[in-house]
Amino acid sequence: MKKKIRNILILTVLSLLFIFFITKKTYEYRLEKEFYSYSIKKEIPKNKIRKTELIYFSKGNRYEYNVYLKNTNDDSYVVFSYVLPNFPIKSYVTQKIYPNDFLSSAYIEGAVVDLDSTSARPLIEAINK
């Protein structure tokens, strides 16, 4: 009897972990699509994007979406960030994303600057080429 209860408990825990990872991946996929749409709305043409990268930072409970542009090196890219409105598990379960809360900045040679600042000018020029 004890062995049967233990097996049921193990199966339940594994099922919950599986469901958690599926909902997390679904949320990240939807968030990445929203970030991509947001970058297009911020006037970054699709043909100028070399690669993208989605990163989760547990310390700030936020995601960053890095957009690397063609004709620029890896030390300069556009950063869109999103702080989760709730703790991660609740955000994953509800699947709510608020694109109005996305923040834009630029990473230029070790410094994070505002996308509208003069330091980000080379990056903006690479977009407008």
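Contact here means that heavy atoms lie within 4.5 Å of each other. The model to be toured is a predicted one.

**First stop: helix α1.** Select residues 2-41, which form helix α1. The helix has 40 residues, and from its first C-alpha to its last it reaches 58 Å. That span is close to the 58 Å expected at 1.5 Å a residue.

Within α1, select Leu-9. Because its relative accessibility is 55%, and exposed means over 50%, Leu-9 counts as exposed.

Now select Tyr-27, Glu-28, Leu-31, Phe-35, Tyr-38 and Ser-39, the buried residues of α1. To see what covers these buried residues, display β1 (49-57), β2 (62-69), β3 (76-83), α2 (88-94) and β4 (103-108), which are included in the cover.

Keep Glu-28 of helix α1 selected. Is Glu-28 buried or exposed? Its relative accessibility is 11%, and buried means under 20%, so Glu-28 counts as buried. Which residues does Glu-28 contact, leaving aside its neighbours within four places in sequence? Select Leu-54 and Tyr-63 to display these partners of Glu-28.

**Last stop: beyond the helix.** Finally, move to Glu-43, which follows α1. The phi of Glu-43 is positive, near 65 degrees.

Terms used. Residues are numbered from 1 along each chain as its sequence is written. This is a predicted model: local features need pLDDT of at least 70, side-chain atom pairs count only at pLDDT 80 or more; totals for chains, interfaces and linings use all residues. Side-chain values use heavy atoms; hydrogens and water are left out. Helices (H or I, at least four residues) and strands (E, at least two) are DSSP runs, numbered from the N terminus. Buried means under 20% relative accessible area, exposed over 50%, partly exposed in between (1.4 Å probe, protein chains only). The expected span of a helix is 1.5 Å times one less than its number of residues.
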